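Reader: I would like to go through this structure by question and answer. Please start with the ligand and then turn to the helices.

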Amino acid sequence: MSRHPDSPETCPDRPDRVRSFALRTGRLTKGQRRALEKLLPVYGVPDTPERLEPEALCGRRAPLGMEIGIGGGEAVMALARNHPDWDWLGLDVYAPGLGKLLLRLEQEPLPNLRVAKTDAVAFLEERLPAGSMDAVYIFFPDPWPKARHHKRRLIQASFLGVLASRMRPGADLFLATDWPDYAQWMVEVLEADPHFANVHGCGAWAPRCPDRPPTKFEERGEGRGHEVFDLHYRLEGGE
Ligand SMILES: C[S@@+](CC[C@H](N)C(=O)[O-])C[C@H]1O[C@@H](n2cnc3c(N)ncnc32)[C@H](O)[C@@H]1O
């Protein structure tokens, strides 16, 4: 897998929207392609311009959790498996990752999980109704370590504003990263944000999120001797 040689910083139709991901030219395996063809119609969120009705996702009224940047889907599958009373939505732009997840779902069907191949920023803005999410998980987002790329980090004040508007008051936000500089950045942006409060006290790290299984990117970081930082915030206004 390699970066697309021409990976624009902004969306072609929205020059004001910075892309937090690099276009990658990872090739689909045969199995992934087959899984996408067969199972995207089952697990995929219909790609329409309409706002989503959360009850229509899995055909019931249930709390809704979302993972942004699911990679190969280890975490969102664990979330859906361990919390069958919730509905779960996993978002990513990377087709081979979605293919991997769908192959896993072929072995272990999870009726409370749906996926979308989409830029999460656009999806939140355009498809999700206000106050619809009960928890959001963002594990090992792309760190964009060079200073000139920091504007491409997903966690930004503007993104938190959108996220907050789509979350229910009192909903939880869990994050993890193995990049100390990004961890510090996240704490600074979140502590400055008027919508979120740190569950463990101002500026504090959280214990490992109980719902976070080891993911590919965590394992990669650990192989390089990286420490992992967890954060847990809550949207103000709950009971
Ligand atoms: C470093 S990987 C981590 C994947 C997984 N969470 C893990 O821990 O293994 C970051 C993932 O976020 C996805 N991503 C980055 N920006 C995104 C966006 N705006 N919308 C959806 N997915 C995004 C990338 O495609 C990539 O799969």
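Reader: How far is a nitrogen atom of the ligand from an N or O atom in the side chain of D119?
Author: The model is predicted. Pairs of N or O atoms within 3.5 Å count as polar contacts. For the side chain of D119 and a nitrogen atom of the ligand, the distance is 2.9 Å.

Reader: How much of the ligand's accessible area does the protein cover?
Author: On its own, the ligand has 600 Å² of accessible area. Around the ligand are 19 residues, with S20, G69, D92, F139 and T215 coming nearest.

Reader: At what angle do helix α3 and helix α4 pack?
Author: Two packed helices are described by the angle between their axes and the distance between the axes. Here α3 (residues 74-82) and α4 (residues 95-107) have axes 10 Å apart. Their crossing is right-handed. The angle is about 35 degrees.

Technical notes
Residues are numbered from 1 along each chain as its sequence is written. This is a predicted model: local features need pLDDT of at least 70, side-chain atom pairs count only at pLDDT 80 or more; totals for chains, interfaces and linings use all residues. Side-chain values use heavy atoms; hydrogens and water are left out. Axes are lines fitted to C-alpha atoms, for helices over the stretch in contact, and angles run from 0 to 180 degrees between N-to-C directions. Helices (H or I, at least four residues) and strands (E, at least two) are DSSP runs, numbered from the N terminus. A crossing is left-handed if the near helix is turned anticlockwise from the far one by less than a right angle, and right-handed if clockwise. A residue is near a molecule or strand if one of its heavy atoms lies within 4 Å of it. A polar contact is a pair of N or O atoms within 3.5 Å; within protein, one must be able to donate a hydrogen and the other to accept it, and residues adjacent in sequence count only if both atoms are side-chain atoms. Accessible areas come from the Shrake-Rupley method with a 1.4 Å probe; for residues, only the protein chains shown count as cover.
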